[in-house]
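These are my notes from going through one structure. I wrote down each thing I looked up, in the order I looked.

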Amino acid sequence: MTNEAWGEVRQNLLSAVGKNNYVNWIEPLELAGLNGGVATFFVPTNFMGNWVSRNFGDLIQKVLTNAGETVSRVEFSVPNQPAPTAKKAEAEKPAAIAETAAAAVPGVGGDLPGAPLDSRFTFDSFVVGKPNELAHAAARRVAEGGPATFNPLFLYGGVGLGKTHLMHAIAWELRNRSPELRVVYLSAEQFMYRFVQALRDKDMIAFKQLFRSVDVLMIDDVQFIAGKDATQEEFFHTFNALVDQNKQIIVSSDRAPTEIDGIEDRIVSRLQSGLVVDLHPTNYELRLGILQQKVEQFSEQFPNLDIQDGVLEFLAHRISTNVRVLEGALMRLFAFGSLVGREITMELTQDCLADVIRHSDRKITVEEIQRKVSEHYNIRLSDLIGPKRVRTFARPRQVAMYLSKQMTTRSLPEIGRRFGGRDHTTVMHGVRKIEELMQQDSQIADDLEMLRRALEA
Ligand code: ADP
Ligand code: MG
């Protein structure tokens with residue numbers, strides 16, 4: 001993309017974000033390159049890169065796309081210092097490790113086809129909770145190397161639940177433990193891009209050699225190859241070649257292998273032939289844990305910032321199950337707090353995050369929740385609300401109480417009243433029961449996530 005075109009794009013961004021935002025966040029960006037659908041910008045600081053990525057990343061991508069560029073991702077990096085924010089990451093200088101790893105590959109050299117790894121995405125910074133403990137354990141196991149026991153490892157889960165984070169963590173760990181291994185991480189999109197490029201340049205032999213010579217191949221967001229027949233075919237052959245050599249393959253997707261439409265059966269069955277684990281939607285505890293960890297991280301950048309008690313709990317309760325949104329909200333709070341130079345209170349939080357909170361707060365009524373829940377469990381509304389105490393009604397009732405507490409501003413007594421005049425302690429018991437069950441029973445966690453989505457839609 002020419003500088004002129006970027007100039008035009010900036011004009012469009014200016015009108016989209018307003019002068020203040022523009023001057024603060026967009027103007028300092030320097031377009032470093034546009035490659036394989038990834039637009040890279042240089043930013044003066046990591047904090048700024050994170051901030052812009054979270055708040056304006058999608059917008060920048062959209063404006064670039066409108067300008068006729070093929071952009072599937074926007075990245076920000078500090079020139080000569082690839083984004084070490086986590087303490088550990090900084091100490092270990094992962095960028096240097098990446099270089100050594102690439103340099104150590106005989107014959108392939110710096111030409112490994114992978115995408116750069118985010119230095120923040122390590123096992124150290126990954127918070128483990130019930131919803132992701134299995135995926136985390138599997139990732140750990142694979143990262144320990146040794147004979148490929150789970151091959152392929154197939155990680156799936158909804159957007160923003162940590163798939164990419166875990167994959168990068170595996171890659172870092174492998175590079176640490178065994179720098180001689182050729183570990184290649186890239187998105188299915190990038191795989192396709194390389195493939196199409198090789199076809200165009202009549203360079204298929206080199207492409208095949210490159211991918212078949214790696215020791216560990218990680219393909220992120222594999223659902224992307226659905227419907228792309230030629231790419232699938234090549235992926236299938238690469239896959240088989242690597243498995244035959246006992247090389248580790250790790251794949252992620254936003255859904256289970258069988259649920260990816262437009263992928264050949266033989267590939268589905270290949271993808272399922274190792275270990276398939278999913279990341280469940282986050283629960284309250286995990287969200288709180290993640291927030292606490294992020295606060296610790298941020299507090300290095302913002303040493304003088306205080307957070308009032310209860311703010312993190314409030315956020316963990318009220319912000320959606322997507323970790324990315326949660327992080328973005330926290331980041332905004334910190335930036336805002338440091339700009340106005342005072343403690344982050346509940347009030348400030350509500351002001352600053354009105355849009356995000358309103359989203360999860362959008363006048364959903366107890367009645368609506370009751371209707372949806374009774375539909376979901378296929379029981380009559382009168383049974384959901386009524387006095388019968390058999391499990392088939394009692395459990396959905398507790399689910400509805402839980403959602404009412406979470407998704408509306410009604411108090412426990414008010415909710416009780418809407419459930420046939422029950423006492424507030426009954427509601428509290430129901431809410432607690434569901435919180436407990438969510439930890440042990442992934443079916444309940446899934447039900448809740450589905451209901452929550454349906455209600456928010
Ligand atoms: P996905 O690839 O599943 O869409 P990502 O791996 O990109 O999601 O995660 C989105 C953001 O949330 C990242 O910044 C990531 O670090 C963060 N995140 C997700 N899960 C966790 C976790 N368990 N602990 C810490 N951070 C997490
Ligand atoms: Mg991802």
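I looked up Phe-334 and found a relative accessibility of 2%, so Phe-334 counts as buried, the limit being under 20%. This is a predicted model, and I read the values with that in mind. I then turned to Phe-298, which at 7% relative accessibility counts as buried too.

I asked how the planes of Phe-298 and Phe-334 are set against each other. The ring centres are 5.1 Å apart and the planes stand at 65 degrees, so I put the pair down as edge-to-face, a class that needs over 60 degrees. Phe-298 belongs to helix α12 and Phe-334 to helix α14.

I counted the aromatic pairs and got 10. I also noted one aromatic cluster, made up of Phe-191, Phe-195, Phe-207, Phe-211, Phe-235 and Phe-239.

Rolling a probe the size of a water molecule over the atoms shows where empty space is left. I searched the whole structure for cavities of 30 Å³ or more and found three. For the largest cavity I noted a volume of about 170 Å³. I then asked which residues are the closest to its centre. They are Arg-54, Arg-120, Lys-294, Gln-297 and Glu-327, out of 13 residues that line this cavity.

I looked up which elements give two or more residues to that lining, and they are α3 (46-66), α12 (284-301) and α14 (323-340). Helix α12 provides the largest share, four residues. I sorted the lining of the largest cavity by class and noted six polar, four charged and three nonpolar residues.

I followed three strands and found an open sheet in the order β1-β2-β3, with mixed pairing. I asked which strands are at the edge. They are β1 (30-35) and β3 (73-77), each of which pairs on one side only. Neighbouring strands of this sheet are turned against each other by 25 degrees on average, direction ignored.

I looked at one pairing by itself. Strand β2, residues 38-42, runs parallel to β3, and the two are paired over five bridges. In this part I noted Phe-41, which stands opposite Phe-76 in β3.

Note on methods
Residues numbered from 1 in each chain as written. Chains lettered and ligands numbered in written order. Predicted model: local features only at pLDDT ≥ 70, side-chain atom pairs only at ≥ 80, totals over all residues. Heavy atoms only, no water. 1 Å grid on protein atoms, 1.4 Å probe; cavity = no way out; pocket = protein on both sides within 12 Å on 5 of 7 lines; lining within 4 Å. Points joined across faces, edges and corners; volume = space filled by probe spheres on them. Nonpolar A, V, L, I, M, F, W, Y, C, P; charged D, E, K, R; others polar. Pairing = 2+ DSSP bridges. Axes fitted to C-alpha atoms, helices over the stretch in contact; angles between N-to-C directions. Phe/Tyr/Trp six-rings, centres within 6.5 Å; stacked < 30°, edge-to-face > 60°. Buried < 20%, exposed > 50% of the residue type's maximum accessible area, 1.4 Å probe, protein only.
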